[in-house]
Amino acid sequence: MKKMKLVMVGNGMAGVRTLEELLKIAPELYDVTVFGAEPHPNYNRILLSPVLAGEQTIDEIILNPLSWYAEHGIRLHLGKKVVDVDRRRRVVKAADGSEEEYDRLLLATGSNPFILPVPGKDLAGVIAYRDIADTNTMIEAAAKYRHAVVIGGGLLGLEAANGLMLRGMQVTVVHIMPWLMERQLDDTAGRLLQKSLEDRGLKFLIGAQTQELLGCDDGRVRAVRFKDGTEIPADLVVMAAGIRPNTELAEKIGLHVNRGIVVSDTMQTVTDPRIYSVGECAAHRGIAYGLVAPLFEQGKVCATHLAEFGIGRYTGSQTSTKLKVTGIDLFSAGNFTGGDDCEEIVMSDPFGGVYKKLVIKDDKLVGACLYGDTVDGSWYFKLLREGRKIADIRDKLMFGESNIGDTGHEGNTRAAAMADSDEVCGCNGVNKGTICKAIKDKGLFTLDEVRKHTKASASCGSCTGLVEQLLMFTAGGDYSKAPTKKAMCGCTDASHQEAREAIKADHLLTIDSLYKRLGWRTPNGCASCRPAINYYLISSWPKEAKDDPQSRYINERSHANIQKDGTYSVIPRMWGGETTADELRRIADAVDKYKIPTVKVTGGQRIDLLGVKKEDLVGVWQDIGMPSGHAYAKALRTVKTCVGSEWCRFGTQDSTQMGKDLERALWRMYAPHKVKLAVSGCPRNCAEAGIKDVGVIGVDSGWEIYVAGNGGIKTEVAQFLVKLKTAAEVLEYSGAFLQLYREEGWYLERTCHWVGRVGLDYVKKKILDDHALRKSLWERLQFSLDGEPDPWFEFDKASVDTRQFTPVGAL
Amino acid sequence: MSQWKVICRVDEIPVLGARRVARANGAEVAVFRNAENKVFALLDRCPHKGGPLSQGIVFGESVACPLHNWTIGLADGCARAPDVGCTTRFSVQVESGVVSLDVDELNSLALYPGNAVA
């Protein structure tokens, strides 16, 4: 079959990313030709500032070397400007007369710097700041001349000024607006920034209006004159007063242009369906984006349509900003200026150089402006995108996510201050240097990419904030993809929520039917989505949907916990943490008989037998004769108890009995993730109920219920839900809470994350205010659990494939 | 001419699952069956940290290692990028629903040190 021809005009980051995405999914569909006006292959334009500052070299910021184009058979025309397109004949024409035919045309022409229309703008030494040539001009000028003036105190202008200063020039920044970076910062943060840059040696003329650039006889600029008649010397003038979408070609060939080349949600131009446009030149729903993350998103969508998959829509992005001046931490997102109908939470420590402002509207975070301490930028950005109600975390909001507690990176919260050898990811032993090197060498832009390549933040995730910071100052610009919904995995665009809803709405009972219904891209999913879907099916349609053991993680297939050497651990259930001499004797005998190497008391008041061979599992279960502890499953694990009023001189309630009753009522309960309970008999709380999914604390007058605690990666203190009088109520409320979690939580979301997502108020409304709903939730849970088998003994009923315990065809 | 040893019937391997084949002188071999009833055989050791691949979740023509979730191709035994590494492959013969492995390979590939059979 003859390949179709794809021609791309523009050789920048958004366009080439689109090609990369296209080559990933349809490598053979097109003959690809690329025209680039610059003489360089695709490079990371965001990192021009570090190059100017002398922190990186041009070679280091090349993203796709010439060999990349060759490897993929891409015909590359460098240094050729496309001047016309004959849309009828479908031919692209370059300035040098070369022509290329196309079946599909991709316009990725980027943007042009805005040049102030003042006299003298064409003098030598007056440049914009946009590409490698500009950067080189500045580097050369810095070696020869003394005075630089940067017009524009925005992101680009300040980065240029900082770079020129580091190269030894005296730099004055001229800014017409009342404070720096007025589109990204409020006045307070803008002034803090100015102060800190002044301390480094930059000069500022705020509010000054440039009238004219004055030249010498040799045609080079010598001074800048302002409206008020004052003049300052200038051997180099950098215009950094903004950018405009480069739509010259598009307008010439008759495409609809309005603040950019107007495209639909499929990134197709509205004028000509054969022509697509991505990047800074494209106007999507009236917005031309200038940051890399939204542009990469556009590229991904565009690629799926070029590949003729016909899926995916780009629906716009929210963006955030970060200044790349080493040593200055600054972050802003959303509406950070506020307004009459907004509330603000402000923390200001001008002496310490820290300023944070959060803008809240209708009980939601709508904007954030951080200066000096930006570690929580990504968390705020997430809250902002999700539009989650923040009433329940409002008092903690200002102190950030890390205030709740992190483990695994020595309490470090500022990535910039860390040494290269400092550990960032405590799970996988990845240090800062390794991550930064991978980001640079492999050209990584997103958290997911860093996770894949370095494993940092890929296990427990507690260092995610740090890794995001490293991405920010290593890869530059805005890294986050800013999706409003997150796809479950690479097999689909559907989110967990959409999968849950489809299963519910269409009464789906099998994994296959869900895959068909939502158009999965893979025949039988992957190790990430299939267990999730299996759980959603059996939790949505108990007694109807059939559990599929091959879609469960090994632990839930073998009903034991796999260890690093391939052996298993066995933890029998001990109701409420109580055991008997008889049980202990049977355990001891099994340990001897099967030569089990390690016996350990767990934190959940049970006994763990470690190092059991798979072949011995059935024998061990039978010999011990105790129920499965489900210590291997996303299910109810343990109910930890203290001795309570039965023995303890302080005990006010019989916590052990309450714990046993809860455990007997809830065991065999599968859930989105593991579930741990605890019951204490008095507020001394010896059972540590404050960090459990459901914690019950006995007081003289009844029981207090706390929910959504967690003792893991982030220690989360459980939140007070309700106080109850009777044991029967404790069962009903705890059960209803857990059933709501079972029905609405996303797979692998602990109760703390789920409540974090939906808000405690939502949970209270359902469990406390709606009595009928609470009762029906509790009934649904009992219906689900009624007759559930113990997988250690009822193999058929629990779909345990016993063939797994014996090898085949042994030699 | 290869000599084949009968291991089991195809239907004795769960769909999207695996069985283990014990060997006297070497680590176990995992035989996999995917949704299209294709059968594959790999050394039951992940190239990463030796995890038993037979215990992983099978999808498409891949298996996810149960220890650290590396994805290993069933056909080539190699880790999917960006992870790097391959485990030993074994030839498989399926005839009228019966799975066999190559005797020479079973006796020579990836044996325990010092146990090589002449």
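In which sense do strand β24 (residues 354–361) of chain A and β25(A) pair, and over how many bridges? In this predicted model, the two strands pair in the antiparallel sense over 7 bridges.

Strand β25 of chain A spans residues 364–371 and is mostly covered, with 7 of its 8 residues buried. A:Leu370 in β25(A) is the bridge partner of A:Lys356. The hairpin of β24(A) and β25(A) has 2 residues between the strands, and A:Asp362 there takes a positive phi near 50°. Strand β22 (residues 330–334) of chain A also pairs with β25(A), in the antiparallel sense. In that strand pair, A:Tyr371 of β25(A) stands opposite A:Leu330.

Chain A also holds an open sheet of 4 strands, in the order β28-β29-β31-β30, with antiparallel pairing. Its edge strands, each pairing on one side only, are β28 (561–562) and β30 (598–601). Within this sheet, β29 (residues 568–570) and β31 (residues 607–612) of chain A pair over 3 bridges. A:Ser569 has A:Leu610 in β31(A) as its bridge partner.

| Strand pair | Sense | Bridges |
|---|---|---|
| β24(A) and β25(A) | antiparallel | 7 bridges |
| β22(A) and β25(A) | antiparallel | 5 bridges |
| β29(A) and β31(A) | antiparallel | 3 bridges |

The contact between the chains takes 22 residues from chain A and 30 residues from chain B. On the side of chain A that touches chain B, the residues divide into 10 nonpolar, 7 polar and 5 charged.

Note on methods:
Residues are numbered from 1 along each chain as its sequence is written. Chains are lettered from A and ligands numbered from 1 in the order in which they are written. This is a predicted model: local features need pLDDT of at least 70, side-chain atom pairs count only at pLDDT 80 or more; totals for chains, interfaces and linings use all residues. Two residues are in contact if their C-beta atoms, placed from the backbone, lie within 7 Å. Ala, Val, Leu, Ile, Met, Phe, Trp, Tyr, Cys and Pro count as nonpolar, Asp, Glu, Lys and Arg as charged, and the others, Gly among them, as polar. Two strands pair if DSSP finds at least two bridges between them. A residue is buried if 20 or more other C-beta atoms lie within 10 Å of its own, exposed if 12 or fewer, and partly exposed in between; C-beta atoms are placed from the backbone.
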